[in-house]
Amino acid sequence: MSNLTHTDSMMNEIRELLLNARQRVAVQVNTELLSTYWNVGKIIVEYEQESKDRADYGKQTLKELSKGLTKEFGKGFSVSNLYNMRLFYMHHQKFQTVSGKLSWSHYCELLTISDPVSYTHLRAHETEADL
C-alpha cells in the first residue's frame, strides 16, 4: 500500500469517526435541550397552579421570567418561548413520551396545532419519518 493510499484510508476512517461523533453529540444536545425545556415548563405549570390569580401570573410572571433568564442566559427565553415550554409540558406530562428524533422547533410547530387528535397524528407521522 502506497503512502498516499495509506493516508487516504486513515483519512476516511478518521472522517467516519468524527462524523459519527458529531451526530451522537447533536442527538445528546437535542435530548438535553428538550429535557431542560420540559422541566422549565413543568416548573411554570406547578407555580401557576399554586397561584390564585392565573391571568396575572400568565402575563406578568412570564415577562419577569423572560427578562431575568434572558439577562442571565441570553437568547431563547422570550415570553412566547416560555409559553411554548409550558405548553410542551402540558402536552407531554411524562417526559418518556417525548421523542428525541424531533427538535424543539418541531415541537413548537406541533404546539400550534389546536386539535389534539391532529397533534397526536402528526407527531406520530413525523416520528416515523425519522426527522
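Biologist: Let me start with tyrosine 89: is this residue buried or exposed?

Modeller: Tyrosine 89 is buried, because its relative accessible area is 10%, and a residue counts as buried under 20%. Please keep in mind that this is a predicted model.

Biologist: Thanks! How should I read a pair of aromatic rings?

Modeller: You describe such a pair by two values, the distance of the centres and the angle of the planes. Here the count comes to six aromatic pairs. One of them joins tryptophan 38 and tyrosine 89, with 5.2 Å centre to centre and 65° between the planes, which makes the pair edge-to-face. The two partners sit in distant parts of the chain: tryptophan 38 belongs to helix α1 and tyrosine 89 to helix α3, 51 residues apart. Tryptophan 38 is also buried, since its relative accessibility is 9%.

Biologist: Which residues form one aromatic cluster?

Modeller: That cluster is made of Tyr37, Phe88, Trp104 and Tyr107.

Biologist: Now to charges. How many salt bridges does the structure hold?

Modeller: The general idea is that side chains of opposite charge can pair when their charged atoms come close. This structure holds two salt bridges. In one, the side chains of glutamate 48 and arginine 86 meet at 3.0 Å, N to O. This bridge links distant parts of the chain, from glutamate 48 in helix α1 to arginine 86 in helix α3 (residues 79-91), 38 residues apart. Both glutamate 48 and arginine 86 are buried.

Biologist: And what can you tell me about glutamate 46 and lysine 42?

Modeller: Their side chains meet in a salt bridge too, at 4.0 Å, N to O. An α-helix has 3.6 residues a turn, so residues three or four places apart point the same way. Glutamate 46 and lysine 42 are four residues apart in helix α1 (residues 3-50), so about one helical turn separates them. Glutamate 46 counts as partly exposed because its relative accessibility is 36%, and lysine 42 is likewise partly exposed, at 27%.

Biologist: How do I read the sides of a helix? Which residues of helix α4 are buried?

Modeller: Look at where the buried residues point around the axis. In helix α4 (residues 104-111), the buried residues are Trp104, Tyr107, Cys108, Leu110 and Leu111. They cover an arc of only 160° around the axis, so they are on the same side of α4. Ser105 and Glu109, on the other side of α4, are exposed. Trp104 and Tyr107 are also members of the aromatic cluster.

Biologist: Finally, what does the secondary structure of the protein chain come to?

Modeller: The protein chain has five helices and zero strands, in the pattern α-α-α-α-α along the sequence. Buried residues make up 24% of its 131 residues. The protein chain exposes about 9,500 Å², with carbon and sulfur atoms supplying 57% of that area. Contacts tell you about sequence separation: among those between residues at least 6 apart, 57% join residues at least 24 apart.

Conventions. Residues numbered from 1 in each chain as written. Predicted model: local features only at pLDDT ≥ 70, side-chain atom pairs only at ≥ 80, totals over all residues. Heavy atoms only, no water. Helix = DSSP H or I, 4+ residues; strand = E, 2+ residues; numbered from the N terminus. Buried < 20%, exposed > 50% of the residue type's maximum accessible area, 1.4 Å probe, protein only. Phe/Tyr/Trp six-rings, centres within 6.5 Å; stacked < 30°, edge-to-face > 60°. Arc of directions from axis to C-beta. Contact = heavy atoms within 4.5 Å. Areas by Shrake-Rupley, 256 points an atom, 1.4 Å probe, with all protein chains shown as cover.
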